[in-house]
Amino acid sequence: MRSVTLIAPAKINLYLEIIGSRPDGFHELAMVLQTISLSDRITINPIGIDAITIRSNDPSLPNDHSNLAYRAAALMVKQFPDMMARYGGIEIEINKRIPVAAGLAGGSSNAAAVLVGLDLIWDLGLTQDELQTLGAEIGSDVPFCISGGTALATGRGEVLSPLLNLDNLYVVLAKFRNIAISTPWAYQTYRQQFSSSYISEADDLKSRQQRVHSGPMVAAIMKRDGAKIGQLLHNDLEKVALPEYPQVADLRDAFIAQGVLGAMMSGSGPTVFALVESQAEADRVSDAVQNQIANQNLLLWTTKFVSTGIHLAES
């Protein structure tokens, strides 16, 4: 069995609206998702024993079933049991650049890379739809991480409608290393505070999803209008996260003060991102915010929109 190395990009949310509750306990969502070039590098190597092992350059990363990459491999072994018997076990090597627990889908992207990598190594010939169906069993972000680009996501985030791919905007990411926001906490707290506004009827849910399909954010994306996209950034989870974590709110405000196209918390946070039109502007904003806040726990990255999800690394 040959080794394979894949690039696993991060993602941000340009739009996140919580519409209501689902019978499965998740929330009904309408989101616009965007792949960015900040990425991890995943190498899958054959090993001589029937086992799944994880190695990483990040010592904080778990190497057991709590790691989504491990769960992706375990799911593939369960679905295709003859493959491990034929080829033996695998070692998953994760070269981590996406910050952990940052609202950037790093774990989901790693899992997506394992699904794609094992499909290639085992010569299964799975379609993208089949891989995404498997990915939805692991996590709501995994199907999008497989395909990447720009997409509208509904359901719990696994129902995808591709949009015009954007590659004309740059992103400055920032987070405090000492702040972590639990995704379950964010959604549970939102439910406690705002469930009275939830839509519950199936027809009303479908109607609300369709309004997002034809709404201002999607229209701005189709026109590749970066300024309008920045103005229309929206994340319902900011309503609960920012009051609880004022440093995250201050970070967003620091970006806005620099005259960016728009700034917002991504997903459940704590990462905040700002949209700009060039690498030079991204570098300027990053330096300015770093100097303004001057906190040793503040981490910043500059990156850009990309139109691909999981893909093979160049040799």
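Are Tyr190 and Tyr198 buried or exposed? Tyr190 is buried, and Tyr198 is buried as well. Keep in mind that this is a predicted model. Here is a short tour of its aromatic pairs and of one of its sheets.

**Aromatic pairs**

- The model holds three aromatic pairs.
- In one of them, the ring centres of Trp185 and Tyr245 are 5.9 Å apart with the planes at 90°, so this pair is edge-to-face.
- Trp185 belongs to helix H6 (residues 183–194), while Tyr245 lies in the loop between helix H10 (238–244) and helix H11 (246–257), so the pair links parts of the chain 60 residues apart.
- Trp185 is partly exposed at 26% relative accessible area, and Tyr245 is also partly exposed, at 23%.
- The rings of Tyr190 and Tyr198 are stacked, because their planes make 15° and their centres are 6.4 Å apart.

**The aromatic cluster and a lysine**

- One aromatic cluster is formed by Tyr190, Phe194 and Tyr198.
- Lys239 places its charged end over the ring of Phe194, 5.4 Å from the ring centre.

**The sheet and its helix**

- Four strands make an open sheet in the order S9-S10-S7-S11, and their pairing is antiparallel.
- S9 and strand S10 (residues 272–276) are joined by four bridges; Met264 has Phe273 in S10 as its bridge partner.
- Helix H12 (residues 279–293) packs on the sheet and touches strand S7 (170–176), S10 and S11. The direction of H12 makes about 170° with that of S11.

Definitions and conventions: Residues are numbered from 1 along each chain as its sequence is written. This is a predicted model: local features need pLDDT of at least 70, side-chain atom pairs count only at pLDDT 80 or more; totals for chains, interfaces and linings use all residues. Side-chain values use heavy atoms; hydrogens and water are left out. Rings of Phe, Tyr and Trp (its six-membered ring) pair if their centres lie within 6.5 Å; planes under 30 degrees apart count as stacked, over 60 as edge-to-face and the rest as tilted. Helices (H or I, at least four residues) and strands (E, at least two) are DSSP runs, numbered from the N terminus. Buried means under 20% relative accessible area, exposed over 50%, partly exposed in between (1.4 Å probe, protein chains only). A charge sits over a ring if NZ of Lys or CZ of Arg is within 6 Å of the ring centre and within 35 degrees of the ring normal. Two strands pair if DSSP finds at least two bridges between them. Contact means heavy atoms within 4.5 Å. Axes are lines fitted to C-alpha atoms, for helices over the stretch in contact, and angles run from 0 to 180 degrees between N-to-C directions.
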